[in-house]
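Biologist: Could you walk me through how to read strand pairing and pockets in a model? I'd like the general idea, then the case at hand.

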Amino acid sequence: MLGFLLRLLPFWVREPLFILVGAVFGVRILYLAATGDGGWAAAGIGLVFLVFTAVRVHTVVRALRARRSGGGPSDADANADADANAVAAPDAAVPPRTPAPAAQRPAPAVREKEPNAWGQAFAAVAVFAALGAAVWLAPHLSSAEADSTPPAVSCPSGADEEVPSAYPKTPAAVTGGELCEALNRPDLAQLLRTPGETATSASGTSNTAPLTDGKVAQPEAEVRFDTYTVNFSATYNKLSIAQYVDLMKFGQETDVRRVTVLGRPAVLASDHTMRIEIDLGSGASGGPVEQGPLARTLSVALDSGDRGGYYDITVWSTSGAFPDDGVLLDLAEKVLPTLPRS
């Protein structure tokens, strides 16, 4: 069908179109082959396009030369031939010519104006130049890449959330929604050294610490990526970082490292997350608690005096890998100053 439509086009439109398309595709495919995206197969295809283009150029050049050198007989040549025939036969009786009435005289032949070859060629190139540019620049258009990128997730509004009574009673306590807004930064994936990823979910809850009868606020937020999951929480108890490090000696935390973040005492430690399986099909409301993947946690004191309470930033992945400590330190230095009342 496409070949039939191309054959319907005039010669001076069809041939420049073939030349333009062949040149654009040939050069583009050779460029991809040179940059290592296509290999020898792409180089061969590009050469085929360029050879095809060279043949079409040769055809157009021959047509232009024939057009310039060719031409039909003129009116003067036709009159000269008629006089020569009259001289060659003088004895022939030639009836006198009677001029025909003006109404019966045939109208003089009007020569059709032949289309300008260069004009047609220029029009064809102008029409299809945009097509060639689009083919050449399509892989580099940022708008196409942006359209294929999924939109970033947002945190719950928390407007209708009713916080426990421990929050109003705790000075400078933040809610889970505020933690989520601080953590779900546009550059969070870049801070995690995975700049090509987009968050798949974001959540925030205003909980209380376990075994405190709801008297200690412990808000929590979580942002998930394909590679990492980041958990951000705050605990408003009387436990200082120094006391927390002493407790780690009796726990299962490994690779404990004391650091300073924004002038505040902090500690890095590794521990396994917990996994709870729920089997609703058997009628049970819960399942066994299993050991989840290893996680890395940075705990930072609420203030430089380490008077009690701390923020926790924990990163883990289903594969068991997590980023190096520098990532958590950079993340804390970016996130903590954006918290309200911090």
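This is a predicted model: local features need pLDDT of at least 70, side-chain atom pairs count only at pLDDT 80 or more; totals for chains, interfaces and linings use all residues.

**Strands, fold and a pocket**

Biologist: How many bridges join strand E1 to E2, and how do they run?

Modeller: Strands count as paired when DSSP finds at least two bridges between them. Here E1 (residues 201-208) and E2 (residues 217-224) run antiparallel and are joined by eight bridges.

Biologist: And what stands opposite glutamate 220 in E3?

Modeller: That is serine 233. E2 and E3 (residues 229-235) also run antiparallel, with five bridges between them, and a hairpin of four residues links E2 to E3.

Biologist: Which helices and strands make up the chain as a whole, in numbers?

Modeller: The protein chain has 11 helices and seven strands. For burial, the cut-off is under 20% relative accessible area; by that reading, 33% of the 342 residues are buried. The accessible surface is about 21,800 Å², and carbon and sulfur atoms account for 59% of that area.

Biologist: How do I read contacts along the sequence?

Modeller: Take contacts between residues at least 6 apart in sequence: 62% of these join residues at least 24 apart.

Biologist: Now the second largest pocket: which residues lie nearest its centre?

Modeller: Thr170, Pro171, Tyr236, Leu302 and Gly308 do, out of 15 lining residues. The volume of this second largest pocket is about 310 Å³, and its lining divides into five nonpolar, five polar and five charged residues.

How values were computed. Residues are numbered from 1 along each chain as its sequence is written. Side-chain values use heavy atoms; hydrogens and water are left out. On a 1 Å grid over the protein atoms alone, a cavity is a set of points where a 1.4 Å probe fits but cannot get out, and a pocket is an open set with protein on both sides within 12 Å along at least five of seven lines; lining residues have an atom within 4 Å of a point. Grid points are joined across faces, edges and corners, and a volume is the space filled by probe spheres set on the points. Ala, Val, Leu, Ile, Met, Phe, Trp, Tyr, Cys and Pro count as nonpolar, Asp, Glu, Lys and Arg as charged, and the others, Gly among them, as polar. Helices (H or I, at least four residues) and strands (E, at least two) are DSSP runs, numbered from the N terminus. Buried means under 20% relative accessible area, exposed over 50%, partly exposed in between (1.4 Å probe, protein chains only). Contact means heavy atoms within 4.5 Å. Accessible areas come from the Shrake-Rupley method with a 1.4 Å probe; for residues, only the protein chains shown count as cover.
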